[in-house]
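Welcome! Take a moment to look over the chain below, and then we will walk through it together.

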Amino acid sequence: MHGIDYVEVGSSPTVLFVPGSYRTHAAWRPIQKVRVRRYRMVGISHCGYGTTLATRTRDDFDMRHETRIVE
């Protein structure tokens with residue numbers, strides 16, 4: 001999938017930060033700053049937020065759009 005807005009900092013082990021609804025990875029910045037030395041942190045933005053492409057239509061409520069980003 002192209003056009004996923006994400007940040008990646010630190011080194012292993014990896015922790016994935018998924019924001020709450022209608023958010024970007026920026027919601028996790030305070031925690032990422034504190035834990036950056038101990039973990040590899042990857043933060044994503046939902047479809048249509050940040051620079052992540054919006055891939056669904058108004059009538060499409062399927063979660064597959066969001067789970068593809070996590071995958």
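In which helix is His 65 found? His 65 is found in helix 2, which covers residues 64-70. Before going further, a word on the source: this is a predicted model, in which local features need pLDDT of at least 70, side-chain atom pairs count only at pLDDT 80 or more, and totals for chains, interfaces and linings use all residues. Residues are numbered from 1 along each chain as its sequence is written, and side-chain values use heavy atoms, with hydrogens and water left out.

Let us stay with His 65. This residue counts as buried because its relative accessibility is 8%, buried being under 20% relative accessible area with a 1.4 Å probe, protein chains only. Its side chain makes two polar contacts to follow by eye (a polar contact is a pair of N or O atoms within 3.5 Å; within protein, one must be able to donate a hydrogen and the other to accept it, and residues adjacent in sequence count only if both atoms are side-chain atoms). One joins the side chains of His 65 and Asp 60 at 2.5 Å, and another links His 65 to the side chain of Thr 55 at 2.9 Å.

Now step back to the whole chain. The protein chain has two helices and three strands, in the order β-β-α-β-α along the sequence; helices (H or I, at least four residues) and strands (E, at least two) are DSSP runs, numbered from the N terminus. Its C-alpha trace spans about 40 × 20 × 15 Å along the principal axes. Of the 71 residues in the protein chain, 23% count as buried.

Key: Buried < 20%, exposed > 50% of the residue type's maximum accessible area, 1.4 Å probe, protein only.
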